[in-house]
Amino acid sequence: MTSEGAYRQGAGRHGAVLVFDTNDRLSAWNDEAEALPSAARLLVQGALPETLAPLFRGLPAGHTVTDWPLSGGGFVRRTAGEGAAGEAAAGNGPAAGADLSGRLFAAASHDLRQPLAALSLLLGALEGRLDGAAGGGGKSVSGRGNAPADPAARDLLSAMGNAVQSLRGMVDGHFDLVRLEAGLVQPDIGAPVVNGILTRVALDAAPRFDGRGLRFSVLPCSVRIATDASLLERILQGFIANTLRHTERGRVVLGCRRQGPDLRVELWSTGRGLLPEQLRILREELRCPDGAGDPSVIDLGLRLACGLARRLGHRLEVDSAPGRGTMLAVLVPRAADGAEEPPALAEPAALNATAPGEDVSRARVLVIEDDPMVLDALGALLGQWGCAVVAADSVDAALERLGPGPQPPDLVISDLRLKGAMNGIVAIRQIGKALDATLPGLILTGDTDPMRLREARLSGYPLLHKPVAPMALRGAVARLLGRERLKS
């Protein structure tokens, strides 16, 4: 087939997309790439960029090939042509190829986050071993024992944990920025209560602030706002990434204030602050169009927050005083009176509702996870806490390992994305149906796709993002099990 023939079938209209990993080897591609000439012979997992050069020879006039670098050395190679531009100009919005590309980026982000999730959980298990050794073999996770844990070893573990969280933020940010600039982010505006958003952000961020010795607090707010909850969370996560980068000591506060028809969601931090000229330059950068501006002035997290705010129609503001600190704010419209959104039954409890050292031992926990690394890491961490773990990579395997006439587990923890058509929400419900029991469940996910996350939050099960901080996982497990159940 000629290249012209391939493009008439759609490759040029929507664009071929190829994803290369950190070793510059081909890891994924879309249907349009398979329509390129010689694709059947050349598109194989692990192919090097130079061996794929024939795919792009003889492209029709007006078509280009662009490489977008990704965090860690990988990159995305994408074709674009007059057809794609014409369709966008016609006002038809993202085409089918854009949807395929969005799923491709989401899959690549999910896959990169899996080893990060395993590493984070294994660090938690290692910390438990360290504390247990210091305490004479007990199962303490907070250093309480007959002797203090090795301070140098604990500092190393803390630094490793901070590095994992920083890498997670970079992976999230790069993939979200690519999706944003490609026009693949479509807001789903609802009327959520802002407190649920603040709490989810706080649960994710609290361990990172603790690791830096910063005092972090969240002020609750019950106002409903008109926004996409998942994208607003990403904006606030961008604020937090920027704050962690520039705050060395003191306090960080996340809270809200009414301002006319809007709600200001503000993140205040103490620190060096900005000089007047630095503040002026930063404000100018925040007003730059997507993809413009000076990368040395504004970091990835804040640049992503700017792009998402524009897509949502929200406004960002910044203020700072030398020697006192900095305030970042996003202004979000308040929802109209009477606006409602289906309640997420799994709203997390207050940030400090469960102490980090809450006892979760003696609980029987079923873990469903199709990534072997993450499955092993979850088993190691839960086992370190004294849980009896049944590990499986599917619903069928879980029922088989539970055995005939099984006693229902106390809790089911499942990945959101499993092999085949089933997801973690369906898996937990099927396990409960098979055992004729109502089971508490917890969803873990490396997904960043807003629609998937919305589905998970409306399922009735709490949601934690990979790589999850061990103490955030422990707190969620303790809340789901309940203190009375643990005592029985």
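So, strand β1, residues 17-20, pairs with β4 in the antiparallel sense over four bridges; pairing here takes at least two DSSP bridges between two strands. V17 stands opposite R78 in β4. Strand β4 covers residues 75-80, and five of its six residues are buried, so the rest of the structure largely encloses this strand. By buried I mean under 20% relative accessible area, with exposed being over 50% and partly exposed in between, using a 1.4 Å probe and protein chains only.

A word on the model before I go on. It's predicted: local features need pLDDT of at least 70, side-chain atom pairs count only at pLDDT 80 or more, and totals for chains, interfaces and linings use all residues. Residues are numbered from 1 along each chain as its sequence is written, and side-chain values use heavy atoms, with hydrogens and water left out.

Okay, the whole chain. We've got 17 helices and 14 strands, where helices are DSSP runs of H or I with at least four residues, strands are E runs of at least two, and both are numbered from the N terminus. Of the 488 residues, 51% count as buried. Take the contacts with a separation of 6 or more: residues 24 or more positions apart account for 70% of them. Contact means heavy atoms within 4.5 Å.

Strands β5 and β6 run parallel and are joined by four bridges, and V218 has L254 in β6 as its bridge partner. For angles, axes are lines fitted to C-alpha atoms, for helices over the stretch in contact, and values run from 0 to 180 degrees between N-to-C directions.

Q259 is found in strand β6, and it counts as partly exposed because its relative accessibility is 32%. Its C-alpha atom is 8.4 Å from that of L331, which is 72 residues away along the chain.

On to the cores. A nonpolar core is a set of buried Ala, Val, Leu, Ile, Met, Phe, Trp, Tyr and Cys residues joined through side-chain atoms within 4.5 Å. The largest has 42 residues, and I235, F239 and V330 touch the most other members. Elements giving two or more residues to this core include α8 (194-211), α9 (229-246), β7 (262-270) and β9 (325-333).

Helices α10 (residues 276-286) and α11 (residues 300-312) pack at an angle of about 45°, with axes 10 Å apart. That makes α10 oblique to α11; under 35 degrees would be roughly parallel, over 145 roughly antiparallel, 65 to 115 roughly perpendicular, and the rest is oblique. From α10, L282, E285 and L286 meet L302, R303, C306 and R310 in α11.

Last stop, the other sheet. This open sheet of five strands has parallel pairing and runs β11-β10-β12-β13-β14. Its edge strands are β11 (388-392) and β14 (463-465), each pairing on one side only. Three bridges join β13, residues 441-445, to β14, and L444 stands opposite L464. Helix α14 (residues 424-435) lies across β10, β12 and β13, at about 150° to β12. Helix α16 (residues 470-481) lies across β12, β13 and β14, at about 160° to β13.
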